[in-house]
Amino acid sequence: MSQLIDNTPSTPGKQKPEKSHYLHNRLRIHSSLSKLTLLFSILLVFILFLFILSLPSTTAPSSSSSAVTHRRNLYDTWGGSDWEKRVTKSARRATASNRAVLVTGAAGFVGTHVSLALKRRGDGVIGLDNFNHYYDPNLKRARQKLLERAGVFVVEGDLNDGALLRKLFDVVPFTHVMHLAAQAGVRYAMQNPGSYVHSNIAGFVSLLEECKSANPQPAIVWASSSSVYGLNSKVPFSEKDRTDQPASLYAATKKAGEEIAHTYNHIYGLSITGLRFFTVYGPWGRPDMAYFFFAKDILKGKQISIFQDPDRGTVARDFTYIDDIVKGCLGALDTAKKSTGSGGKKKGPAQLRIFNLGNTSPVPVSELVTILEKLLKVKAKRKMVPMPRNGDVRFTHANISLAHRELGYRPTTDLETGLKKFVRWYLDFYPGSKKKSAW
């Protein structure tokens with residue numbers, strides 16, 4: 001460009017510009033710019049491609065990418081006459097007075113026990129589970145086999161698959177939905193926050209959308225959590241207490257679920273009952289829960305970490321045995337009134353409830369370990385550590401007077417009795433874990 005400027009006369013007309021040289025330079029510059037633009041565009045596409053590949057999964061992590069592909073392929077296999085026959089058979093009620101229930105998270109800990117209890121009393125039950133890899137999927141598959149032997153068909157799919165939900169509601173006129181599917185765990189939220197939004201918020205909304213459009217609308221019972229009480233220091237926790245100070249993302253998504261439930265109840269007339277579970281334990285439990293991995297590590301001779309609060313007191317939990325939780329779930333379902341809407345239109349006020357389901361007897365975690373030592377006949381290698389800032393709270397304690405009055409809820413299992421049943425199941429399910437006494 002400097003050459004063009006230097007060759008241009010100060011007075012026009014005095015000197016003829018060299019047009020061919022000028023045009024040649026312009027063409028050369030234009031060609032260079034075109035090449036740069038093309039290369040830049042290719043680079044942008046490549047960066048975008050890498051960005052898409054690097055996006056975090058919105059579900060719990062799988063052991064490999066092939067496992068994710070495998071699950072997606074399974075999701076695509078639902079439908080067809082044979083599939084519909086299995087769904088219809090599983091949803092068949094023993095009598096006209098029994099219920100047709102969709103249980104989400106059916107291969108989960110609470111979901112399995114609730115599904116079995118419903119089926120035993122003659123209700124029609126269809127399970128839905130995505131079998132994610134948050135914890136050992138083999139345990140979930142074993143629960144699935146348990147359900148299949150009882151006549152419960154578990155559909156493999158995701159709550160966010162609207163087409164699958166529509167198909168299920170087309171095949172079965174569900175009277176009730178027991179929504180127990182969720183991304184669980186307080187600490188894992190710090191590693192994979194998107195999975196909590198995907199399951200606990202988006203998945204819940206997806207389910208409510210289908211329920212509000214159904215005709216007739218089902219009544220809904222769903223699992224909230226005692227985690228919603230967060231940093232609340234008033235004990236025991238009552239349903240009237242504030243829940244606007246969550247200590248974890250998990251708690252925040254459950255609190256969001258309660259507000260979303262209120263919205264769908266108010267706008268669409270859905271009958272909705274939320275249940276705040278308090279530290280559920282028992283056979284077929286979750287491996288990420290303290291009682292479960294404590295038992296595993298004690299038997300392996302590994303050191304276990306027990307959290308202390310700043311006053312050097314151990315963390316305490318209102319441990320609630322699974323059979324008591326199941327009774328509370330069935331009580332909530334049996335007392336749920338019908339939804340008042342139809343086809344997405346509200347016709348009158350609908351029932352909206354929230355209940356604590358706990359044991360009302362908080363136990364220090366150190367005492368839990370002592371009971372496990374006694375039952376396993378192995379001395380634990382304890383290490384007391386300060387409670388980390390990972391979303392855990394110091395204690396939980398349920399006031400269950402409302403559930404007692406409205407649902408007839410009466411927990412009857414003390415911690416040692418419940419842990420004895422858990423240990424018996426654990427040693428049977430993991431026969432290679434048995435260890436000689438170290439007392």
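Predicted model: local features only at pLDDT ≥ 70, side-chain atom pairs only at ≥ 80, totals over all residues.

**A buried asparagine and its surroundings**

Reply: The side chain of Asn265 reaches the backbone oxygen of Leu270 at 2.8 Å, and it also reaches the backbone oxygen of Gln351, at 3.0 Å.

Asn265 belongs to helix α9, which covers residues 249–268. Its relative accessibility is 9%, and because buried means under 20%, Asn265 counts as buried. When residues up to four places away in sequence are left aside, Asn265 touches Leu270, Ile272, Lys346, Ala350, Gln351 and Leu352. Two of these names lead on to the sheet, since strand β6 spans residues 272–277 and the edge strand β11 spans 352–357.

That sheet is an open one of 7 strands, in the order β3-β2-β1-β4-β5-β6-β11, with parallel pairing. Its edge strands, β3 (153–156) and β11, each pair on one side only, and neighbouring strands are turned by 20° against each other on average, direction ignored. In general, the strands of a sheet pair through backbone hydrogen bonds, in either a parallel or an antiparallel manner. Here strand β5, residues 219–223, runs parallel to β6 and is joined to it by 4 bridges, and Ala223 stands opposite Leu275 in β6. Helix α7 (residues 162–171) packs on the sheet, where it touches β1 (100–104), β2, β3 and β4 (176–179), and its direction makes about 175° with that of β2. Helix α4, made of residues 81–90, lies across β2 (124–129) and β3, running at about 135° to β3.

In general, side chains of opposite charge can pair when their charged atoms come close. Arg276 forms a salt bridge with Glu258, with the closest N and O atoms 2.8 Å apart. Arg276 lies in strand β6 and Glu258 in helix α9, so this pair ties together parts that are 18 residues apart in sequence. Both partners are buried: the relative accessible area of Arg276 is 3%, and Glu258 has a relative accessibility of 11%.

The side chains of Lys374 and Glu416 meet at 2.7 Å, N to O. This pair links distant parts of the chain, with Lys374 in helix α12 (residues 365–376) and Glu416 in helix α14 (residues 415–429), 42 residues apart. Salt bridges that share partners also join Arg99, Arg121, Asp123 and Asp334 into one network. Arg242, partly exposed with a relative accessible area of 47%, forms a salt bridge with Asp244, the closest N and O atoms again being 2.8 Å apart. A search of the whole structure finds 13 salt bridges.

For the chain as a whole, the secondary structure comes to 14 helices and 13 strands, and 50% of the 439 residues count as buried. Among contacts with a separation of 6 or more, 82% are between residues 24 or more positions apart. The chain exposes about 22,200 Å², of which carbon and sulfur atoms supply 56%.

Technical notes
Residues numbered from 1 in each chain as written. Heavy atoms only, no water. Helix = DSSP H or I, 4+ residues; strand = E, 2+ residues; numbered from the N terminus. Buried < 20%, exposed > 50% of the residue type's maximum accessible area, 1.4 Å probe, protein only. Polar contact = N/O pair within 3.5 Å; in protein donor to acceptor, adjacent residues only side chain to side chain. Contact = heavy atoms within 4.5 Å. Areas by Shrake-Rupley, 256 points an atom, 1.4 Å probe, with all protein chains shown as cover. Pairing = 2+ DSSP bridges. Axes fitted to C-alpha atoms, helices over the stretch in contact; angles between N-to-C directions. Salt bridge = Lys/Arg side-chain N within 4 Å of Asp/Glu carboxyl O.
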